[in-house]
Amino acid sequence: MSQLEIKDLHVSIGEKAIVKGFSLTINSGEVHAIMGPNGTGKSTLSKAIAGHPDYTITGGDVLLDGRSILAMQPDERARAGLFLAFQYPSEIPGVTIANFLRAAVQARMAEGEELDATGYYKRLYSKMDLLKIDRKFTSRAVNDGFSGGEKKRCEILQMAMLEPKFALMDETDSGLDIDALRIVAEGVNAMRGGTLGILMITHYQRLLDYIVPDHVHVMWDGRIVKSGDKSLALELEAKGYDWVKQELAKA
Ligand code: ADP
Ligand code: MG
């Protein structure tokens, strides 16, 4: 069992406070969805946890299995078991997916340990089968000329190969078409049920039609203001974020 604990986190960009006391604990195997209006700090939260240098943590802590990750470099955080899915993945022309993934898996191994090529391809192909990805896909250059859906497929395959303890997926502003949404959902659903814990950030309820979260949290002005189960997402869809705002005003 692993645990990712976000404790009273405060994050600023420059002088501006964006995340203002965000707390959430995720256990192995759980899928948490964070929903909230644009500009509420959802992407800032995920980038700060990943260790993006533009985001300053001014208070609180993020613990992975009881150990603070805040002093770790982004690559150390990845090695410790965190995976951050990018809203806008980079294109790497000339580098095939097979080689890219191999380098990523190698980078995660302990120093001096060598990746066994036969074992690597066996694992790659079994993950591709699990995610129903065509073998031809691996000989293409990373994200080069990919459609939105293909980029998502590449990202999900990366996640499957790295086998993180926790994945942070920020899908908010990516304008995912229904195809890409389905790919993300199928991938996540294929990997769930084991030990993987997921923090799924989304602006739209639509994604949650495909990935049914165990817990739903509403983020407002940098913190969680309401939590519930999947019915909360449906309620949000029906009543809109103004409903949360009115409830907050009453409280
Ligand atoms: P969300 O993902 O919930 O839409 P963001 O975390 O992207 O929210 O943004 C939260 C606030 O931080 C917004 O007011 C946005 O304008 C601001 N912001 C985000 N990124 C930057 C940045 N790189 N520089 C300055 N302000 C930023
Ligand atoms: Mg965002």
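**A helix and its neighbours**

Mentor: Happy to! Helix H1 lies across strands S1, S2 and S4, and runs at about 110° to S1. This is a predicted model, in which local features need pLDDT of at least 70 and side-chain atom pairs pLDDT 80 or more, while totals for chains, interfaces and linings use all residues. Residues count from 1 along each chain as written, chains are lettered from A and ligands numbered from 1 in written order, and side-chain values use heavy atoms, without hydrogens and water.

Helices (H or I, at least four residues) and strands (E, at least two) are DSSP runs numbered from the N terminus. Angles run from 0 to 180 degrees between N-to-C directions, along axes fitted to C-alpha atoms, for helices over the stretch in contact; contact means heavy atoms within 4.5 Å.

S1, S2 and S4 belong to an open, antiparallel sheet of four strands, ordered S2-S1-S4-S5. Its edges are S2 (16-27) and S5 (67-68), each of which pairs on one side only. Pairing takes at least two DSSP bridges. Between S1 (residues 3-13) and S4 (residues 56-64), which run antiparallel, there are seven bridges, and leucine 4 stands opposite leucine 64 in S4.

Now follow H1 (residues 42-50) to other strands: it also lies across S3, S6, S9 (166-170), S10 (197-202) and S11, at about 145° to S9. On that sheet, helix H9 (residues 241-250) touches S3, S10, S11 and S12, with its direction at about 70° to that of S11.

This second sheet is open and mixed, with six strands in the order S6-S9-S10-S3-S11-S12. S6 (82-85) and S12 (223-228) are its edges; each has a single partner strand, so one side of each has no neighbour in the sheet. On average, neighbouring strands here are turned by 20° against each other, direction ignored. S3 (residues 31-35) and S11 (residues 215-220) run parallel, joined by four bridges, and histidine 32 has histidine 215 in S11 as its bridge partner.

Finally, a helix pair: the axes of H5 (residues 148-162) and H6 (residues 178-191) are 8 Å apart, at an angle of about 15°. The two are therefore roughly parallel (angles under 35 degrees). From H5, residues including Lys152, Arg153, Ile156 and Met159 meet H6 residues, among them Ile183, Val184, Gly187 and Met191. The residues of this contact divide into eight nonpolar, three polar and two charged.

Note on methods: Parallel < 35°, antiparallel > 145°, perpendicular 65-115°, else oblique. Nonpolar A, V, L, I, M, F, W, Y, C, P; charged D, E, K, R; others polar.
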